[in-house]
Structure formats: C-alpha cells, structure tokens
Amino acid sequence: MLYLLLILILIICIFLVIYPFIFQNNLEDPLIRELNLKTRKEKLLLELDNELASGVLDKNLHSQLSSEVNQMINIEFKNLDDISPKIDPIEKLIKSKKNENKK
C-alpha cells in the first residue's frame, strides 16, 4: 500500500513538472507585446546612441539605422496580431550595416 501511494505521488509530481512544457500557451497579450516592442525600440536606439558617442558609428549611419529601426518597429506595431516575433531582422540589419561601414 505504501509503494502504491509513493508511485501515485511520483506520477503526480512528474505530471506537474511536465505539464507546463506540454501545454504551453502560445497566445500572448497584445499589451505585453506592445510594451516589449516599445522597450526593444528604446534599447536599440540607446545602443545606437552609445555607439555614435563612442565613435563606432558616424552621424549618417546612425541616422540611417535609427530611421530603419523606427520603420521596422512601426511595422511590428501594425502586425501585433501576428504571434511569431519578427524583431531579429532588426538586429541582423544593424549588424550588416555596421559590417559594411567597417569595410
């Protein structure tokens, strides 16, 4: 009887640990996504400002990258209904522009 109780408790514990991974909720709150986008935009622009101040970027490249970040974030705001995040292309674009500038 004791073994049966221990096995039952073990099964319940395993279920409680595995359950969140199996039944993940992919739906995000649009307000949270909007807040995340605004925060991401601020961080990207702050990073560009810091790189301008440190001399990594010149003013023309900084203004170009800033406007492209603003455009891409605005596109993201329009596509808030889409579940899959599309922020990674922004970072790829910034890195490619920096690499072009270094050459």
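Mentor: Happy to. Let us begin with a definition: buried means under 20% relative accessible area, exposed over 50%, and partly exposed in between, with a 1.4 Å probe and protein chains only. At 41% relative accessibility, Lys-38 falls in between and so counts as partly exposed. This is a predicted model, where local features need pLDDT of at least 70 and side-chain atom pairs count only at pLDDT 80 or more, while totals for chains, interfaces and linings use all residues. Residues are numbered from 1 along each chain as its sequence is written, and side-chain values use heavy atoms, leaving out hydrogens and water.

Trainee: What makes Glu-34 and Lys-38 a salt bridge?

Mentor: The term asks for a side-chain nitrogen of Lys or Arg within 4 Å of a carboxyl oxygen of Asp or Glu. Here the N to O distance is 3.4 Å, so the pair qualifies. A search of the whole structure finds one salt bridge. Glu-34 has a relative accessible area of 26%, so Glu-34 is partly exposed.

Trainee: How are Glu-34 and Lys-38 placed along helix 2?

Mentor: They are four residues apart, which means about one helical turn. Helices are DSSP runs of H or I with at least four residues, strands are runs of E with at least two, and both are numbered from the N terminus. By that count the protein chain has four helices and zero strands.

Trainee: How do you know that the span of helix 2 agrees with its number of residues?

Mentor: The expected span is 1.5 Å times one less than the number of residues. For the 25 residues of helix 2 (residues 30-54) that gives 36 Å, and the end C-alpha atoms are 36 Å apart, so the two agree. Buried residues of helix 2 include Arg-33, Leu-37 and Glu-51. Just after helix 2, Gly-55 has a positive phi of about 95 degrees.

Trainee: Why is the pair of Phe-15 and Tyr-19 called tilted?

Mentor: Rings of Phe, Tyr and Trp (its six-membered ring) pair if their centres lie within 6.5 Å; planes under 30 degrees apart count as stacked, over 60 as edge-to-face, and the rest as tilted. A search of the whole structure finds one aromatic pair. Its centres, those of Phe-15 and Tyr-19, are 5.4 Å apart and the planes stand at 45 degrees, so the pair is tilted. Both residues lie in helix 1 (residues 2-22). Phe-15 counts as partly exposed because its relative accessibility is 49%, and Tyr-19 does because its value is 40%.

Trainee: What bend lies at Leu-16 in helix 1?

Mentor: A kink of about 25 degrees lies there, shortly before the proline Pro-20. The bend at a residue is the angle between axes fitted to the seven residues ending there and the seven starting there.

Trainee: Why is Glu-68 called buried?

Mentor: Its relative accessible area is 17%, so Glu-68 is buried. Glu-68 sits in helix 3 (residues 59-78). Contact means heavy atoms within 4.5 Å. Leaving aside neighbours within four places in sequence, Glu-68 is in contact with Leu-93 and Lys-97.
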